[in-house]
Amino acid sequence: MKIALCSSFVPFVNGGYRNIVEWLEAMLLEAGHRVERIYLPEADEPELLFKQMAAYRFVDLSAADRIICFRPQSHLIPHPHKIVWFIHHLRVFYDLWDSPYRSFPDDAKYRGIRDALRAADTAALTEAQRVFSNSSVVSERLRRYNGVDSEPLFPPVYKPERFHHRSMNDEIVCICRIEHHKRQHLLIEALSHCRTPVRLRIAGRSSGPDYPQQLARQVAAHGLGDRVVLDERWISEAEKENHLADCLAAAYVPLDEDSYGYPILEAAHARKPILTTTDAGGPLEFVRHGHDGLVSDPAPEALAAAMDRLYADRAEARRMGEEANARIDALHIGWPHVLERLLA
């Protein structure tokens, strides 16, 4: 088939939202399909929102046999055989409306923008032949806010065989975008309460300098400079594979994340236990406390106790890493299943 993969992107910001598109492209090409990847830039600014949405509505992809849409607002593109693999809403207009992450007032103007956006999203989603989500969390949001049913379809990683277990050192790694809602600050605060010499490695890029600078000040204030590596860059895939091969565990502690997140899956492929929190959202669909890793209250003292537990009992940590790896097959996370569902 001729398949168009459609998504939005934030210029110069990488992340899992690009991986899901580009890795699917590679798998479709390998299966013999013709693929076009189409991105339109998008800024989540209320005053620009509807101009950008109109741009999607005027895209003509009639030459494609089907289109698959991912990040909003790509689902607005019209097509008679539109498939949506929905990865998140513009969350500040949905589940984060009553949160500190909304940077504009709750007044008649912005409530009008919110309500119009939700109506447009619902109309575009109901045009689709099928709607998939990347997690049960996102499926529930689609039901609650848009009245749209969807099938959770967990995104795999590209070439998972490159992740492997080699050893278990003293380091817990957190490899993802460095952003406030990913809560790397919570891990640093927790480390200051640890009673074991466990170490922490944080690696990733940020959309701005403020939060990484906050983390650096936090490390210095707690005197943790010899126990925290703060690597504010996109590390290479080879570096990531090596860190995961040798680390003690992987941590991923976002606030109410949309899906389990690639850091969870990469750690599971490397047979490493995963540390997350009770309010992390999507990661809880993968991580079961005491089985695939540890699920802690989102408090520094509780996280510190979990980090100490991983350090003190390597046999338990290794067992949980093995269970995390087995969890991948149990949840049918793999490219053959994804292609079967998307191309049905």
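The expected span of a helix is 1.5 Å times one less than its number of residues. In this predicted model, helix 3 covers residues 108–126, a stretch of 19 residues, and should therefore span 27 Å. The end C-alpha atoms of helix 3 are 27 Å apart, in agreement with that expectation.

The buried residues of helix 3 are Y110, I113, R114, L117, R118, D121, A124 and L125. Because these residues cover an arc of only 135° around the axis, they are placed on the same side of helix 3. Buried here means under 20% relative accessible area, and exposed means over 50%. The exposed residues A108 and T126 are carried on the face of helix 3 that is turned away from its buried side. Among the elements that cover the buried residues of helix 3 are two helices, helix 2 (46–57) and helix 4 (136–146), and two strands, strand 4 (82–86) and strand 5 (130–133). The N-terminal end of helix 3 is capped by D107, with a side-chain oxygen of this residue 3.3 Å from the backbone nitrogen of K109.

Elsewhere in the model, 6 strands form an open sheet with parallel pairing, in the order 9-8-7-10-11-12. Strand 9 (228–231) and strand 12 (293–296) are the edge strands, each pairing on one side only. From one strand to the next, the twist averages 20°.

Within this sheet, strand 8 comprises residues 199–203 and pairs with strand 9 in the parallel sense over 4 bridges. Opposite L200 stands V228 of strand 9. Strand 7 and strand 8 also run parallel and are joined by 5 bridges. I202 in strand 8 is the bridge partner of C174.

Helix 5, made up of residues 184–191, lies across strand 7 (171–175), strand 8, strand 9 and strand 10 (249–251). The angle between helix 5 and strand 8 is about 165°. Helix 5 is mostly covered, with 7 of its 8 residues buried. These buried residues are Q184, H185, L186, L187, I188, A190 and L191. The elements covering them include strand 7, strand 8, strand 9 and strand 10, together with helix 6 (210–221) and helix 9 (300–312).

Notes:
Residues numbered from 1 in each chain as written. Predicted model: local features only at pLDDT ≥ 70, side-chain atom pairs only at ≥ 80, totals over all residues. Heavy atoms only, no water. Buried < 20%, exposed > 50% of the residue type's maximum accessible area, 1.4 Å probe, protein only. Arc of directions from axis to C-beta. Contact = heavy atoms within 4.5 Å. Polar contact = N/O pair within 3.5 Å; in protein donor to acceptor, adjacent residues only side chain to side chain. Pairing = 2+ DSSP bridges. Axes fitted to C-alpha atoms, helices over the stretch in contact; angles between N-to-C directions.
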